[in-house]
Amino acid sequence: MTLAPAPAEQLQLLLRDLLPTQYQQLTEESPHHRADWAAHMTPNPAPYSLIGMQLAAMHNGNLLSAELYPLLAQAERATTNWLKKHFHFPQLNFTQSGTYSNLEALWQARELHSGDNPFVYGSRASHYSLKKACHILGLQWVEIDTDGQDRIDLSQLRRACEQQPPMLIVANFGTSSIGAIDPWQDIADIAHQYQSWLHVDACWGGAVLLAEHYPPISADSLSFDPHKGLFVPRPCSALLSRHQFNAEKVDYLQSPPAMRLTGSYGGEMFLPLWLNLTLLGEDWFFEKIHSRLQQAQQLTEQLRQFTGWPTWHAGTGIVVFSPEKDLSRLVSDGVLSTTRLNGKLYYRAVFASYATRADAIIKALHPYF
Ligand SMILES: *Cc1c(COP(=O)(O)O)cnc(C)c1O
């Protein structure tokens, strides 16, 4: 049986109606279906996400005993194979969030690669989870300056490497603040020169790599959050790696999974993605990613056309602009958020949701033109 999108929406309404009225408000609090929602990276979930979550809860199996749940294990394999194929990495495991994926990557690097070199280099626009991971692992986070567009300053990185080669270098593919892409090919060359592990933080920008069919990135590991860029609910993050860590056969009591943070887990991290992929097909995802990137580009062009506000889009779906006006009402309405770039305040519109539209953001901004 194939499910049409309509029943997926009906299920949402049905579930809401099953709730006692005092809890229904909770379901209405969520703004992610709005055309003018662009405050943060939380997307509007793809049509079958809710059923995927229900399936995970109904099944509730534990894949540390995968032999007991062959169908669930098969769904996990299908989802990991799809991501591995498109990112061109041989290894993948799901984690609960980008924070865990980054921590796990640094942990693997420390175990396999560090000797006793504790140094990890990354730009100051890197996500705070990397610094946190270093703290937990006893590694030393060294922050490299950024250029005017929040990308790592390559000459500073080179200088730091000459003085002290690092164990690992982080390249950002889509910073959290403005979605900036570090010059990762140059960083890959530097990492190669100093035999450092290269970790790509693509938690936010990874969907671009996927939809634009990028050639393989020569990195040791890469983290990506489908719960940000692929329209599925949390928790769903992925750590991709070129290194083999997990024992082939994991047994909960005898051979616990090596180099993996997650203990017991079931379908909650992948069934929503798997179900949407199975029922809608990969082209649905590629089309929706392209469309949200186009909407971001359209907003950028319209702001440039209608206003004199400095505006730009680094290519991963976050539009930043500086109107020299107080837009705090739009921030409290969930339309925009703010960030700082080289000390200056910028407003940002994040195109994570496939419901978010440039014309709706323009309409909200129009009174300030
Ligand atoms: C969001 C984000 C993370 C952390 O992800 P969570 O899923 O929120 O833990 C890491 N890196 C970047 C660039 C991010 O945008």
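Two strands are counted as paired if DSSP finds at least two bridges between them. In this predicted model, 4 strands meet that description and form an open sheet, in which the order is β8-β9-β11-β10 and the pairing is antiparallel. Strands β8 (311–313) and β10 (337–341) stand at the edges, and because each has a single partner strand, one side of each is left without a neighbour in the sheet. From one strand to the next, the twist averages 30 degrees.

Within this sheet, strand β9 (residues 318–321) pairs with strand β11 (residues 344–350) in the antiparallel sense over 4 bridges, and V319 stands opposite A349 in β11. Helix α12 packs on the sheet, where it touches β8, β9 and β11, and the direction of α12 makes about 165 degrees with that of β8.

Helix α12 (282–306) is also among the elements that cover the buried residues of α11, together with others including α3 (49–59), α4 (70–87) and α10 (226–229). The buried residues of α11, a helix spanning residues 271–280, are L271, P272, L273, L275, N276 and L277. Just after α11, G281 takes a positive phi of about 90 degrees.

A further helix, α6 (residues 128–137), holds L130. The relative accessible area of L130 is 0%, and this residue is therefore buried. Beyond its neighbours within four places in sequence, L130 is in contact with N102, L106, W141, V170, H199 and D201. The C-alpha atom of L130 is separated by 42 Å from that of D17, a residue 113 residues apart from L130 along the chain.

Key:
Residues are numbered from 1 along each chain as its sequence is written. This is a predicted model: local features need pLDDT of at least 70, side-chain atom pairs count only at pLDDT 80 or more; totals for chains, interfaces and linings use all residues. Side-chain values use heavy atoms; hydrogens and water are left out. Buried means under 20% relative accessible area, exposed over 50%, partly exposed in between (1.4 Å probe, protein chains only). Helices (H or I, at least four residues) and strands (E, at least two) are DSSP runs, numbered from the N terminus. Contact means heavy atoms within 4.5 Å. Axes are lines fitted to C-alpha atoms, for helices over the stretch in contact, and angles run from 0 to 180 degrees between N-to-C directions.
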